[in-house]
Amino acid sequence: MRRKLVVGNWKMHGNVAANKLLLDGVVAGTRLLSNVDCVVCVPYPYLSQAQSLLEGTNVAWGAQNLCATKDGALTGAVSPEMLLDYGCSHVIIGHSERRSQFHETDDTAAARFNAAQEVGLTPIFCMGETLEERESDWTDFIIGRQLDSIMRRYGVEVLAKAVLAYEPLWAVGSDNPATPEQAQEVHTFIRKRIARCDVNIATEVRILYGGSVTPANAAGLFAMSDIDGGLIGRASLLAGDFVSICRAANN
Ligand code: PGA
């Protein structure tokens, strides 16, 4: 039985005062939830704040990206070890916004995935197709290619210590979530593809759905057999909404 996981992706939002209110609300609202893991992925400058407010609570924290290199002359980059210094457990890798706006490729995402695991961080590896790709019936091809970019380089075993996220680009940041059936279909595809290499890992790996998840649609999505939780953007910025989604996963 896979335990549900809900991850908040704050993206480039927040400030010290608002974060405190948000995190206090999330901590209070999730305190009694025992069947779900909750994580928030915050902007780098707020990792220290997240650590001080979340240590010892039900909520873990992480970052939204990292640099695959340990250290060096890389202005503006943040290394995996630096995330460990702030108590991070998770890091989002290969989000579609990184791929589309920051020139992230399958190669660079795979290198970051590996760098995260090398220091013991759990990568949350994002995959997703554009609307055009979906309409051309390329969804399986695109998702397969993105998944294979990890398995081909590092083997199926690395998925045992990773989280996968299906995030169709047409659903992210829109008001157009995938239906539970659409998401389930892709999650099943992902699990079957992993099962060709290792049935146990395919059975155990958690696959999150992301893209316009709200308190209103979360329960329907989480009821699907291959959807193990959510990667939540906008709704993670409101404590009440994020807590409602965590509750839906807890039930
Ligand atoms: P959204 O973002 O929930 O605002 O659609 C999801 C994501 O990008 O992770």
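Contact is taken here as heavy atoms within 4.5 Å, and buried denotes under 20% relative accessible area (1.4 Å probe, protein chains only). The model is predicted, so that local features need pLDDT of at least 70 and side-chain atom pairs count only at pLDDT 80 or more, while totals for chains, interfaces and linings use all residues. Residues are numbered from 1 along each chain as its sequence is written, and side-chain values use heavy atoms, with hydrogens and water left out.

Just after helix 5, G120 adopts a positive phi of about 90°.

For helix 11 (residues 239-250), the buried residues are F242, V243, I245, C246, A248, A249 and N250, and they pack against strand 1 (4-9), helix 1 (16-30), strand 2 (36-41), helix 10 (218-222) and strand 8 (229-232).

Around the ligand there are 13 residues (a heavy atom within 4 Å), of which K11, H95, G173, S212 and R234 come nearest. Oxygen atoms of the ligand lie 2.8 Å from a polar side-chain atom of E167, 2.7 Å from a backbone N or O atom of G173 and 2.7 Å from a polar backbone atom of S212, where a polar contact is a pair of N or O atoms within 3.5 Å. The protein covers 99% of the 280 Å² of accessible area (Shrake-Rupley method, 1.4 Å probe) that the ligand has on its own.

Methods:
A polar contact is a pair of N or O atoms within 3.5 Å; within protein, one must be able to donate a hydrogen and the other to accept it, and residues adjacent in sequence count only if both atoms are side-chain atoms. Buried means under 20% relative accessible area, exposed over 50%, partly exposed in between (1.4 Å probe, protein chains only). Helices (H or I, at least four residues) and strands (E, at least two) are DSSP runs, numbered from the N terminus.
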